[in-house]
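Please read the following briefing alongside the sequence and the structure.

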Amino acid sequence: MIRLVSLTALLLLWQFGAWLSDPRRLPGPAAVFEKVYEEALSGALFSNLAITLARVIAAFALAMSFGAAIGYVMGRNKLADRLLDPWLVTLLNLPALVVIVLAYVWAGLTEVAAIGAVALNKLPNAIVVVREGARALDPHLEDMAHVFRFSPTARFKHLVLPQLAPYLAAATRSGLSLVWKIVLVVELLGRSNGVGFEINMAFQLFDMKLLLAYALPFVALMLGVETFLVQPLERHVSRWRRGVSRRLDRV
Amino acid sequence: MNDTSRAGGAASLDVSIASKDYHSARGSPRRALEDLRLTLPAGQAGAVVGPSGCGKTTLLRLIAGLDKDYVGTIVLPEHGRLGMVFQEPRLLPWRSVIDNIRIAAPHAREDDIAALLDELGLAEHASHFPRELSLGLARRVALARALAVKPDLLLLDEPLVSLDAALAKDLREMIARLIDERRITTLIVTHDLAEAIALADRIFLLSPRPARVVATLDVPTPRRALEREMAEKLETQARDALAVARAGPQQEKH
Ligand SMILES: Nc1ncnc2c1ncn2[C@@H]1O[C@H](COP(=O)(O)OP(=O)(O)OP(=O)(O)O)[C@@H](O)[C@H]1O
Ligand SMILES: [Mg+2]
């Protein structure tokens, strides 16, 4: 409800701004929605959104799986932590743009280079968060698992994963928003389709309507992913914290 | 340096620890156990009684194989399947009571688990999460989990500590009944002599840190026949031994 009010206020502010300025610089909501409709009818909007979303998912999945594995090892093993930490710090401080340009120079203007560059930008953050989680694993529960001879699978499933879940959720949340922003830059610099590419086109043509017609649906899409995918998942993995309310729900 | 092995035949738990030291980052190592010997026949319950901080939990950790950094020998009962109730319940907070038991005892039959829950008065709590349980209930779940694996050796670390008198009495009677029925070789750690006399066939009195067994007392069985007078005599005997141990090093007496 409050979200709705706040969104409406934003729309009004936008309309107000559009009245005050040149429509070429800031077109009003009505004009932009019309353009969105046009692009949707031609199918270009959906194909570009789908392409960009696929890149976001691929880069995100790559970064999260490597990040989780490396972060876990670094959190559990002192030697690995000391060996890899300087690399991690370097990667953390490397500007996204440098990684992208280097990837394009070394691997050409290819899909692999694009997705690899995005994944590499997200990787250090995933490592840091999961390493924190791996360091915080409860040694008491580990002793318990040892005494009761948990199998490696049971240990992973019932001990490690539930304890890492909040950290993985945090990495997912911050990771998604980071990844989709970088994907646009990668598309702008070296791809010939996707939302980032269209925004670049709009910029060349100075077509603000087109620019917003791609930017807004994409933001809405990512908001939808966050609200309907990430948040429910987060609630699902932390449901045991609210055991009482859950059982009351069932009654 | 150390050797943990499995016994064949009737010989059961046999502990002989020359020394156990804790090493801190700086400073000299601190000795927790020294020349500690105890033997517990198969099917019997033993109680380790000693003052707070003397090394009781350390001893259980060595027996459970959680700490291998010691000098000495520990011989476990045949097969060496362990059940343990830690000083804190240590349940998986993200799993229900019954799942906690199932996960620790994947080979246990469902009706055995149900019977166990029933026997420990946990049936109505089967689907509860650990954070919804009082300490007394959580302890019982930990006990159910330890029994569900059908252990050859059951280790209980202060199973009654920080429960109020009525709850402690309930749980004590439950433990007594369960280990009597099942004839599980059991080692109970406690600092309460009365508790030890109520539960154990054999009592090992420990000295203050570094822990050593200063006296081994056999409690006459069947326990039901144990007269009040006899119990008091045992307690006096035990207290004397402890007082001697506190006063200074002394030879072990039987
Ligand atoms: N991991 C450790 N590192 C260093 N010292 C330890 C460690 N664990 C225990 N100690 C020390 O060893 C001694 C024995 O500890 P332990 O926990 O075995 O005693 P306890 O008899 O179980 O005590 P309590 O009655 O409080 O449960 C204590 O002085 C304790 O401070
Ligand atoms: Mg203890």
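Helix α1 (residues 56-63) of chain B lies across β4 (45-49), β6, β7 (153-157), β8 (185-190) and β9 of chain B, where contact means heavy atoms within 4.5 Å. Its angle to β7(B) is about 155 degrees; axes are lines fitted to C-alpha atoms, for helices over the stretch in contact, and angles run from 0 to 180 degrees between N-to-C directions. Helices (H or I, at least four residues) and strands (E, at least two) are DSSP runs, numbered from the N terminus. This is a predicted model, in which local features need pLDDT of at least 70, side-chain atom pairs count only at pLDDT 80 or more, and totals for chains, interfaces and linings use all residues. Residues are numbered from 1 along each chain as its sequence is written, chains are lettered from A, and side-chain values use heavy atoms, without hydrogens and water.

**The sheet of chain B**
- Six strands form an open sheet with mixed pairing, in the order β6-β7-β8-β4-β9-β10; two strands pair if DSSP finds at least two bridges between them.
- Because β6 (82-85) and β10 (213-218) of chain B each have a single partner strand, one side of each is left without a neighbour in the sheet.
- From one strand to the next, the twist averages 15 degrees.
- Strand β9 (residues 202-206) of chain B pairs with β10(B) in the antiparallel sense over five bridges, and R202(B) has D218(B) as its bridge partner.

**Two helices of chain A**
- Helix α9 (residues 195-204) and helix α10 (residues 208-237) of chain A pack at about 155 degrees, with their axes 8 Å apart.
- α9(A) and α10(A) are therefore roughly antiparallel (over 145 degrees).

Technical notes: Angles under 35 degrees count as roughly parallel, over 145 as roughly antiparallel, 65 to 115 as roughly perpendicular and the rest as oblique.
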